[in-house]
There are 4 protein chains.
Amino acid sequence: MLPGVSNTRKPNPARRSERSRRAVLAAARELVSELGYAKVTIEAIAARAGVGKQTIYRWWPSKGAVIFDSFLALSEGGEGIRLPDTGDLEADLKTVMRATVAEFADPVFEAPLRALNTEIVGDPALAALYREKLAGPVDQAKKERLRSAQRAGQLAADADLDLVLEVLYAPLYQRWLHRSGPLTPEYADALVDITLRAFAP
Amino acid sequence: MLPGVSNTRKPNPARRSERSRRAVLAAARELVSELGYAKVTIEAIAARAGVGKQTIYRWWPSKGAVIFDSFLALSEGGEGIRLPDTGDLEADLKTVMRATVAEFADPVFEAPLRALNTEIVGDPALAALYREKLAGPVDQAKKERLRSAQRAGQLAADADLDLVLEVLYAPLYQRWLHRSGPLTPEYADALVDITLRAFAP
Amino acid sequence: MLPGVSNTRKPNPARRSERSRRAVLAAARELVSELGYAKVTIEAIAARAGVGKQTIYRWWPSKGAVIFDSFLALSEGGEGIRLPDTGDLEADLKTVMRATVAEFADPVFEAPLRALNTEIVGDPALAALYREKLAGPVDQAKKERLRSAQRAGQLAADADLDLVLEVLYAPLYQRWLHRSGPLTPEYADALVDITLRAFAP
Amino acid sequence: MLPGVSNTRKPNPARRSERSRRAVLAAARELVSELGYAKVTIEAIAARAGVGKQTIYRWWPSKGAVIFDSFLALSEGGEGIRLPDTGDLEADLKTVMRATVAEFADPVFEAPLRALNTEIVGDPALAALYREKLAGPVDQAKKERLRSAQRAGQLAADADLDLVLEVLYAPLYQRWLHRSGPLTPEYADALVDITLRAFAP
DNA sequence: TGTTAACCGAGACGGTACGTCTCGTCTTGGC
DNA sequence: GCCAAGACGAGACGTACCGTCTCGGTTAACA
């Protein structure tokens, strides 16, 4: 082999077929909803998308990556997320937490979200990508609202905001993942109350 | 179909080979530690255990069930778990939480625990089993300690103990699952401090 | 293990259950007719006969042996076979050959006969048994008739009777095995004519 | 189902790998020689050939078909078979028959030939293929020689040549299959003598 | 404005593991 | 000690996907 020539060909993104990319992501999303993450195969995605398998292997490193990308594409439009800021932290947080509870209960979100979590647990790279592309922006928006509350004296000024978010969300997230209890609006409210007491100024 | 008549022959547990059962569970445990959950195959378990594949399929419905059982078998001896009770709730909880942090960091626990969580996310039946057989007894022990603290006036008498446990453990669990932050003894202490403040009498 | 004790236990034929023996042979015969030789399994024979598998393995060395035995049992009653001897060799042979043609065409004989031949081709021991127990007696009866014809001057006195039988029967047998041509009464007659011409005095 | 639509995907023969085809047939031939037909498995053929199992299942319907094909491939080169024609029918036939006797005795031919016959007995489709592709061409060549003999007045002009071949070969074939007697050059000669007498002009 | 390199769909390939089936042996009670 | 019943270790079955590797057939940049 000639020097500088590699056998792991590097594709040229400029020539990438946008039509194929979209078809793959759409097929991936559909299949995860229909079959659940574990039963989706790359062969099935390719067939459904009307795409050669190589086209998928060329542009994505793994099944997880394809499916993750298909979620990313969904939430892409919603850039610049902002949380409500009425000045009343408790009310604002309860609004947001109740919305989160509702989202977790929505069967449209259920399957893909669980799929995502299944994959993230065992794949550090995907976990990093998840934190960077999905969780990160949302957390930034939440922390923005919390900082505003700190300025307003509604939250301890020295509170570690990452920790605040964890106390607020992790119990909810764990209940959902393990199905260890009901996800009700009252539960959402209770988490807000507890968090505000824990991090009161 | 007539009652009691099934086309999926059901084996007679009385004749089950204890030697095979043990060998399968041991092999499963070893392989999960060595390869991680995703790369363990039933064929490999059977081969390592010196057992026919059919013997596994006869007694377990899925790979997840075998592996779960192999964890169950581990913690079976440790009945009657009790938490330390020195009278000082904060100190006792910090001891326990620091131990949990250490356990999560231990590579011996890492792989199997992640395997378990991977499987639980997508399998409600397994999740129920997990709650009943593994999480349940441990949580009972923890709640016992918390009730003792309530009697001692160190915790709000009307605190929902399930919620207390969630606030205490879920952030830690989430950090570990998502690798979203360092698991340090200080972090363990912080969680105890926050929880005690949130549920102070 | 104690000296003189072997691990290949030798069963005591005196204690053998006649009821089981009969049931096994009957089940074997039925299953060969229904499924053809290749699809019959020892498990199926045992199940149909209401007999433990070990009972079959105890008394027969192989599937072929069981099935062969089941044929033997059939033709056991018909000892002392004699061919017609009207004095007219040609007429007598044509009668017998036409009967053989009819037998080969009878679907009741078809499956078991093919089964037997399948097994015999690849198993010298079974082939020997076949010659001794099934083909032998019949061939003796045929040769008896031919000797009578030799004495009557209808056949060359020095003709090798084994060869005569082969010329008479082998073409028919081969056509049937290979399905290489129609088995008609005329064909039977033609074989007799040819054989008589070839071995004319 | 719509016409032309099938759920059993059919592969495109144009893309078939010649290398794999050859490797499979070679492996099949070797394994039949080494183990005998019954003990050859598709897995073993695939492994020996360095081929995926699916590649075999894609192109052949059964083990029998693979092995049959492996024989076909052997005799493929020898197109346009011609029998010796010195003008002396008896001498020519004895030459050919002695060669056949020798071939049947050759252990290299023994195992595969028995394998082939085992399979043919129970599989009408394979039997037809055998007659068309293997026996047919050879029989044509033989009949050509016999026709030449008819023209030379060495054989009855109205003799049924198929029948002549059967009388000539079937006894030999049956002796070999059933191991019911020795296959000697003298036996070959005897069959020729008998046949010529039976079909003398 | 061809030429040509790369992507595309399709799908065959060598493999691995699946979950099922049957083999022949071993084990357990019942008679 | 034979028997029915059936669990066992073993391993082949035929299928589903894996990830790689050709095939022709379009494109799309560049010569």
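Start by selecting chain A: of its 201 residues, 43% count as buried, where buried means under 20% relative accessible area, exposed over 50%, and partly exposed in between (1.4 Å probe, protein chains only). Before you click on, note that this is a predicted model, in which local features need pLDDT of at least 70, side-chain atom pairs count only at pLDDT 80 or more, and totals for chains, interfaces and linings use all residues. Residues are numbered from 1 along each chain as its sequence is written, chains are lettered from A and ligands numbered from 1 in the order in which they are written, and side-chain values use heavy atoms, with hydrogens and water left out.

Stay with chain A and switch to a cartoon view. You'll find nine helices and zero strands; helices (H or I, at least four residues) and strands (E, at least two) are DSSP runs, numbered from the N terminus. The C-alpha trace of chain A spans about 65 × 40 × 25 Å along its principal axes.

The same surface serves both copies, as 100% of the contact residues of chain B recur in chain A.

Now hop over to chain C and select Asn117(C), in helix 6 (residues 107-122). Is Asn117(C) buried or exposed? At 5% relative accessibility, Asn117(C) counts as buried. Leaving out residues up to four places away in sequence, Asn117(C) touches Tyr173(C), Trp176(C) and Leu177(C), plus Val121(D) and His178(D).

Then try Ser148(C), which sits in helix 7 (residues 124-151) of chain C. Ser148(C) counts as buried too, at 17% relative accessibility. Show Leu89(C) as well: the C-alpha atoms of Ser148(C) and Leu89(C) are separated by 9.0 Å, though the two are 59 residues apart along the chain.

Last stop: DNA strand E. How many residues surround DNA strand E? There are 42, and the closest are Asn12(A), Arg15(B), Lys53(B), Tyr57(B) and Gln54(C); a residue is near the strand if one of its heavy atoms lies within 4 Å of it. Sugar and phosphate account for 65% of the atoms of DNA strand E that come within 4 Å of the protein.

- Ser17(A): one of its polar backbone atoms is 2.9 Å from a phosphate oxygen of DNA strand E.
- Tyr57(B): a polar side-chain atom lies 2.7 Å from a phosphate oxygen of DNA strand E.
- Glu43(C): a backbone N or O atom lies 3.3 Å from a phosphate oxygen of DNA strand E.

Finally, color by helix. Helix 3 of chain D brings the largest share of the surface near DNA strand E, five residues.

Key. A polar contact is a pair of N or O atoms within 3.5 Å; within protein, one must be able to donate a hydrogen and the other to accept it, and residues adjacent in sequence count only if both atoms are side-chain atoms. Contact means heavy atoms within 4.5 Å.
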